Amino acid sequence: MRAYERFLRYVKVHTTSDPTSPSHPTTLRQFDLANQLVEELKALGLADARVDEHCYVYAAIPATPGCEGAPAIGFISHMDTTDDAPGENVNPVLHENYDGGDVTLPATGAVIRAAEFPFLAGLKGQTLITTDGTTLLGADDKAGIAEIVTMAERLLAENRPHGKICIGFTPDEEVGQGADLFDVAGFGADFAYTVDGGDVNEINYENFNAAAAVVTVHGLSVHPGSAKNAMKNAMNIAHEFHAALPAFDRPEHTEGYEGFYHLTSMAGDVTTARLGYIVRDHDPARFNDRKRELAHIAARLNDKYGEGTVELDLKDSYYNMIEKIEPHFHLVENARKAIAAVGLEPANVPIRGGTDGAMLSFKGLPCPNLGTGGFNCHGPLECATVEKLDQMVEILLHIVELYRQKQ
């Protein structure tokens with residue numbers, strides 16, 4: 001079976017995660033795909049395929065005779081989809097021999113415009129897979145799952161020699177919890193790759209350092225008729241806090257390695273106001289500078305309005321994986337070789353976000369990220385191509401072969 005055929009089946013399974021849920025997994029519907037994948041992997045011959053109580057799927061293909069000395073390599077993708085757009089009743093549409101121009105989605109009339117998305121020109125002649133316009137597609141990350149399962153099928157069906165191959169599918173990546181309960185020791189890999197990115201020639205081994213901040217402002221409500229020199233309007237002080245941050249250090253003004261402060265929520269009244277931020281930077285020194293700046297602003301406002309007026313709750317979320325990848329840079333070098341082997345030019349792309357792989361790297365499993373051939377993720381304009389999914393399967397097979405040679 002080709003990867004796109006699996007992909008078309010997987011996207012029809014509703015697996016949206018829930019950022020407000022305290023449970024693990026955040027939605028029980030993720031078990032629907034997990035159980036389906038376990039049965040499929042068992043049917044391929046992976047007898048130990050299993051799903052645990054937290055909806056993590058694990059399986060392994062033992063090394064072929066004579067390859068037991070090769071490193072054990074893992075491949076990981078996530079099953080959930082984001083709640084940024086509907087993920088239920090997905091109806092994928094195939095556009096054969098795509099002409100590289102605008103694409104109208106049949107159910108809504110929404111248009112994926114070539115002028116807005118230059119990558120479309122490079123997909124000319126391929127079979128484009130889109131949504132019908134009512135939902136997201138789910139290439140993030142069901143494309144990765146389809147590619148890994150197809151790679152496993154090919155290894156076994158073609159009797160290719162290989163070292164131990166470990167397979168893992170996680171829940172709740174989209175809400176930042178995909179690696180939280182991942183059993184690194186039980187997984188059994190020496191090194192791994194997440195398959196959860198953009199174009200298939202991309203390698204990601206740098207990501208943001210990340211923190212979350214909540215600013216709580218305590219005001220004092222006084223009748224406005226007699227408020228002079230007495231009222232402390234919490235909303236105005238919150239506005240003053242936000243205005244003290246550099247206006248161009250926001251996501252809408254940054255790209256590449258540039259970090260930012262992103263105001264994600266605000267609420268309040270005269271008495272109490274709250275601001276929610278995420279803070280991002282690739283460089284650890286600049287990341288720490290950004291956190292110090294938040295603390296500095298809070299301190300100066302407390303000097304101005306009284307101690308305790310502004311409270312800052314600041315917590316780190318994840319860190320740049322590069323420090324964990326650099327000692328094992330063969331992961332990047334072999335990915336580059338595998339991408340080149342299918343006729344593509346490898347591209348190192350810093351992630352303006354995080355991945356399961358970043359957190360797994362800090363748990364002791366060095367784990368850069370590879371592409372899937374999915375584009376415009378997290379919305380109804382999401383798309384992929386049949387040919388890109390096939391290319392990624394070949395890239396994974398080349399990686400397996402490269403590590404077989406390292407015994």
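Let me start with a term: on a 1 Å grid over the protein atoms alone, a pocket is an open set of points where a 1.4 Å probe fits, with protein on both sides within 12 Å along at least five of seven lines, and its lining residues have an atom within 4 Å of a point. A volume, in turn, is the space filled by probe spheres set on the points, which are joined across faces, edges and corners.

What you see above is a predicted model, in which local features need pLDDT of at least 70 and side-chain atom pairs count only at pLDDT 80 or more, while totals for chains, interfaces and linings use all residues. Residues are numbered from 1 along each chain as its sequence is written, and side-chain values use heavy atoms, with hydrogens and water left out.

The second largest pocket holds about 250 Å³ of space, and of the 13 residues that line this pocket, Ala212, Ala213, Tyr277, Ile278 and Ser317 are the closest to its centre. Strands here are DSSP runs of E, at least two residues long, and helices are runs of H or I, at least four long, both numbered from the N terminus. With that in mind, β11 (209-218), β12 (260-268), β13 and β14 (310-318) each give at least two residues to the lining of the second largest pocket.

The largest pocket has about 990 Å³ of space, and its 31 lining residues include Ile351, Arg352, Gly353, Gly354 and His378, which are the closest to its centre. Two or more lining residues come from each of β10 (202-204), β13 (272-281) and α9 (356-362).

Turning to the whole protein, we find 10 helices and 18 strands. Its radius of gyration, taken over C-alpha atoms, is 24 Å, close to the 22 Å that the globule rule (2.2 Å times the number of residues to the power 0.38) gives for 407 residues, so the protein is as compact as a globular protein of that length.

Finally, some backbone details. The peptide bond from His24 to Pro25 is cis, with omega near 5°, and Pro25 sits in the loop between α1 (3-10) and α2 (30-44). Cys55, although not a glycine, has a positive phi of about 80°, and this residue is buried (under 20% relative accessible area, with a 1.4 Å probe and protein chains only), at 0%. Asn97 also has a positive phi, near 50°, but Asn97 counts as exposed (over 50%), with 60% relative accessibility.
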